[in-house]
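Welcome, and please open the structure in your viewer. Keep the selection tool at hand for this short tour.

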Amino acid sequence: MAGGSGTRLWPLSHKQLPKQLIRLVLDDSKKVHKSLLQLAYERAATIVEPENVLIVTSEQHADLVAAQLPQISPENIMREPLGRDSLNAAAWATAAIHNKDSAASISLLTADHLISPLETFAATMHTAYQLAETNPNALVCIGVVPKSPHTGYGYLLKGEPFDSIANTFRVSKFVEKPDFATASDFVASGNYLWNAGMFCWNAATFLTQLRLLQPVSHANVSKIVANPVLVAELFPLLPKISLDYAIMEPVSQGLASAEVLGVALEADWRDIGGYPALASLLDADDQHNASTGNVVTLAAGNNILINADPDTLIAVAGISDLIVVRTPQATLIVPAAMSEMVKDLAENVRGSFPNFC
């Protein structure tokens, strides 16, 4: 799934170039910057044949996706005419795959994660496929073993271990983003994992749950797959809802005909959902200023300073714990502790100055 707008990284991420397409990450050679999408493709290619990788993105960004991934066949790039949240990206792709192979099992991955090492990721996903293929009544989710309390992620409550396969379990509950005290209790208990937003299932099983729980999406997605020219007409009719709310949580509560199983991923997993996460990819000076681009500091510390305008300079003195981002279109300044406000701020900008968002 590569259709997000990345508003938590505004103005670095904007409607012409969302975060999954920004070349943020130096490759292992430290010479080439790659986008999160390119890295996600490389991960996917460790678990399935490259020709079996589909990308769901927006119509607006599909040509940029194709340019970044020339190895992807054009028919494997699914173009959403508008965003209808994660449920419908998952439903459309699953239905399209099922139309080609009614016995297919698929994994659903996202284009804004960093995961290492790749070998651990691949082994975990192979376990997920094993679960989905040997338990066709199951929807499988990936839970990341947490390294610290985190208030920006949802959590999975582990139930009893499942069968004899290591690191697998029944999912008892999906939990929304907690406050810090609750997140600390979750991590200390050892019973909760970060919800990574990665899944694996038999395509037919998922579509059955979709028909039971979200019949409007099921009906319209089925029509689109049968007659692709209808996508522009029918996609806007799909209810805008997340995959977790629409399918995973109700199934885990016994409200449909499947069950939710989980696989634990013990790896370095980062959801680059905002500037604090992005800062971990940047160089830091002795005063813990994470920065990139033309930046000068004096008596300043613990700042995130990003200058994406090569013709300008950011110079800061005597400040701390701020996020300062400069692009040719806009400048952002926000306390680091309030980074979650960037998403709402971007929405306000879109309402007042749409050309800058």
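Here is what to select, stop by stop.

This is a predicted model, in which local features need pLDDT of at least 70, side-chain atom pairs count only at pLDDT 80 or more, and totals for chains, interfaces and linings use all residues. Residues are numbered from 1 along each chain as its sequence is written, and side-chain values use heavy atoms, with hydrogens and water left out.

Start with the cysteines. A disulfide is a pair of cysteine sulfur atoms within 2.5 Å, and by this rule the count is 0. Cys200 is buried, at 0% relative accessible area (buried means under 20%, exposed over 50%, partly exposed in between, with a 1.4 Å probe and protein chains only). Cys357 is buried too, at 4%.

Next, select residues 85-100, helix α3. Helices (H or I, at least four residues) and strands (E, at least two) are DSSP runs, numbered from the N terminus. The 16 residues of α3 reach 24 Å from first C-alpha to last, close to the expected 22 Å; the expected span is 1.5 Å times one less than the number of residues. Among the buried residues of α3 are Leu87, Trp92 and Thr94.

Finish at the open sheet of 5 strands, ordered β13-β14-β16-β18-β19 with mixed pairing. Strands pair if DSSP finds at least two bridges between them. The edge strands, β13 (283-284) and β19 (331-335), each pair on one side only. Now select 304-307 and 322-326: β16 and β18 pair in the parallel sense over 4 bridges. Leu305 has Val324 in β18 as its bridge partner.
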